[in-house]
Amino acid sequence: MSQDVVSATGLSLTFQTDDGPVHALSGVDLSVGKGEFVSFIGPSGCGKTTFLRVIADLEKPTGGEIRVNGVDPEAARKARAYGYVFQAASLYPWRTIERNVGLPLEIMGYSADETRQRIDRTLELVNLAGFEKKYPWQLSGGMQQRASIARALAFDADLLLMDEPFGALDEIVRDHLNEQLLNLWDKTNKTICFVTHSIPEAVYLSTKIVVMSPRPGRVTDVIESSLPKQRPLEIRESEEFLKIAHRVREGLRAGHSYDE
Amino acid sequence: MNARGKTIPVLTVISAVVVIWYACVVWMNAPFEYDKAERAGTEIGFSQVVSNTMNQERPVLPAAHQIAEEMYKTIVLKKITSKRSLVYHGWITLSATLLGFAIGTVLGILLAVGIVHNQAMDKSVMPWVIASQTIPILAIAPMIIVVLNAIGLSGLLPKALISTYLSFFPVVVGMVKGLRSPDRAQLDLMHTYSASTAQTFWKLRWPSSMPYLFTSLKIAIAISLVGAIVGELPTGAVAGLGARLLAGSYYGQTIQIWSALFTAAILAAVLVMIVGVAHSYVLRRMGQKPEGVVA
């Protein structure tokens with residue numbers, strides 16, 4: 001399956017802690033095709049962030065196999081296969097927005113001209129044109145997160161890994177950013193892996209929803225979304241949408257005892 | 001707090017200090033006046049005692065105006081080439097302070113970089129750094145001077161090295177903390193870019209450590225001055241603020257001692273202020289959020 005961007009077979013990761021081993025991931029089989037928008041949803045401790053970090057080579061799996069663009073995660077990282085968006089915007093406070101977006105380009109050794117063009121293009125893409133010279137503290141939380149998305153898009157990675165990027169934002173800003181993210185996905189043809197806590201967010205954004213559950217962290221359901229690619233916000237009141245959301249909720253309930 | 005809000009509290013504290021000072025002047029210098037009167041076989045009134053205690057030649061505790069007068073004479077009126085000019089002595093001490101501070105800062109930063117990047121140094125260097133500061137500087141200063149003299153080094157450098165000995169410590173401690181201050185996500189971000197150790201250092205660790213560095217430098221510059229003065233005390237130095245302190249105590253010149261002390265204190269305050277100004281300048285250049293702004 002060479003066209004798969006991410007493919008995992010029997011992937012496990014066990015952390016050794018003072019309280020004994022923690023099975024963050026156990027026997028995960030999953031593939032993400034090119035151009036897909038895959039959401040990972042589940043309660044805390046289900047391994048969704050860990051899975052993303054394994055793809056990004058920020059954690060090493062202890063068992064099974066994972067391929068990113070057909071190679072192992074370390075090689076993929078070195079080939080600059082992905083851009084990573086963290087939960088907090090993690091902008092460097094001493095850099096202006098344009099210099100934050102330019103940070104990966106600086107490190108990867110792009111020319112000054114190329115850097116300038118890419119900064120302008122990506123800031124345009126996330127609707128932050130005009131904020132180049134601002135420092136992060138001068139921007140709202142939503143704008144900071146958009147800048148961090150621009151930073152992940154600035155170099156040509158086809159895979160975008162997003163770890164609860166809108167988790168700390170309020171509902172109104174989040175809706176708005178979700179809509180923008182879909183637009184951006186449509187325009188750029190990237191493959192996106194998106195970790196979230198929110199059922200509506202997962203259903204609204206994804207072509208594929210991966211439901212996970214904890215202890216041990218595992219995949220309990222994979223739902224292919226039947227929603228069309230063009231999604232106005234109103235689609236969230238449609239019957240189709242509610243049906244998928246229901247299935248996600250069922251999947252979460254099946255994999256997780258709420259009595260704990 | 002704005003400048004107007006500060007004026008009254010500051011003035012209150014200063015006047016309280018002055019009142020207590022003059023009370024102590026009378027209390028500590030009066031026995032000498034009574035002794036003198038008794039030996040001369042005369043009676044002396046209390047008001048006469050009070051006025052005499054303010055103007056003794058070698059008072060136990062000099063009055064503020066005596067010190068101010070002496071400082072004015074030795075700083076402003078004396079030519080700076082004169083051996084009695086405090087500017088001359090101050091410069092001798094200041095040059096050792098600045099050289100020692102510069103060496104100490106560079107040494108401290110280099111050690112911190114090593115500690116942060118090298119596991120063996122992390123495990124082994126810090127205990128030695130801390131142990132170095134538990135040795136009384138007064139005990140080790142003469143040895144440094146003697147040892148360096150034996151290998152042909154004398155003059156400015158040995159004194160500066162005593163400053164270095166004291167000033168590298170806060171820089172190491174502050175910079176280790178500062179270079180480790182980037183959070184997990186900021187470091188992970190560098191990892192996802194496959195950034196080299198050098199890139200991570202210059203683009204993340206170094207800028208993150210600036211607030212820590214300047215806080216350390218404020219302490220370092222003040223103790224560098226202490227180090228330079230201490231370096232002059234046990235070695236029979238003939239010039240410098242420490243030498244003035246020593247000479248004053250040999251000859252019971254309390255006014256001279258106090259003037260040298262005040263000069264040293266003022267010098268230290270000015271040096272710390274200069275570092276403070278550099279601190280806010282650098283942070284402003286780094287786009288720091290101005291205080292009091294709610295974004």
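I'll start with a helix pair in chain A. A:Glu98, A:Val101, A:Gly102 and A:Leu105 of helix 3 meet A:Thr115, A:Arg118, A:Ile119, A:Thr122 and A:Leu123 of helix 4, both helices being in chain A. By class, the residues of this contact are 4 nonpolar, 3 polar and 2 charged. Before I go on, please keep in mind that this is a predicted model.

Now the geometry. Two packed helices are described by the angle between their axes and the distance between the axes. Here helix 3 of chain A covers residues 97-108 and helix 4 of chain A covers residues 112-125; their axes come within 10 Å and cross at roughly 120 degrees. Helix 3 of chain A and helix 4 of chain A are therefore oblique to each other. The crossing of helix 3 of chain A with helix 4 of chain A is right-handed.

Next, one residue in helix 5 of chain A, which spans residues 141-153: A:Ala147. Is A:Ala147 buried or exposed? A:Ala147 has 23 other C-beta atoms within 10 Å, and 20 or more count as buried, so A:Ala147 is buried. Leaving aside residues up to four places away in sequence, A:Ala147 touches A:Ala89, A:Leu91, A:Ile97, A:Asn100, A:Val101, A:Leu128 and A:Leu139. A:Val126 is 21 residues from A:Ala147 in sequence, and their C-alpha atoms are 7.3 Å apart in space.

On to the strands. Strand 8 of chain A, residues 208-213, has 5 of its 6 residues buried, so this strand is largely enclosed by the rest of the structure. Which strands pair with strand 8 of chain A? Strand 3 of chain A, residues 37-41, runs parallel to strand 8 of chain A and is joined to it by 4 bridges. In that pairing, A:Phe40 has A:Val210 as its bridge partner. Strand 9 of chain A, residues 218-224, pairs with strand 8 of chain A in the antiparallel sense, over 6 bridges. There, A:Val211 stands opposite A:Asp221 of strand 9. The hairpin of strands 8 and 9 of chain A has 4 residues between the strands, and A:Arg215 in this hairpin takes a positive phi near 50 degrees.

Last, the contact between the chains. Chain B gives 16 residues and chain A gives 18 residues. On the chain B side, the elements that give two or more residues are helix 8 (184-192) and helix 9 (197-232) of chain B. Helix 8 of chain B gives the most, with 6 residues. The chain B side has 7 nonpolar, 6 polar and 3 charged residues.

Definitions and conventions:
Residues numbered from 1 in each chain as written. Chains lettered and ligands numbered in written order. Predicted model: local features only at pLDDT ≥ 70, side-chain atom pairs only at ≥ 80, totals over all residues. Contact = placed C-beta atoms within 7 Å. Nonpolar A, V, L, I, M, F, W, Y, C, P; charged D, E, K, R; others polar. Axes fitted to C-alpha atoms, helices over the stretch in contact; angles between N-to-C directions. Parallel < 35°, antiparallel > 145°, perpendicular 65-115°, else oblique. Left-handed = near helix turned anticlockwise from the far one by under 90°. Buried ≥ 20, exposed ≤ 12 C-beta atoms within 10 Å, placed from the backbone. Pairing = 2+ DSSP bridges.
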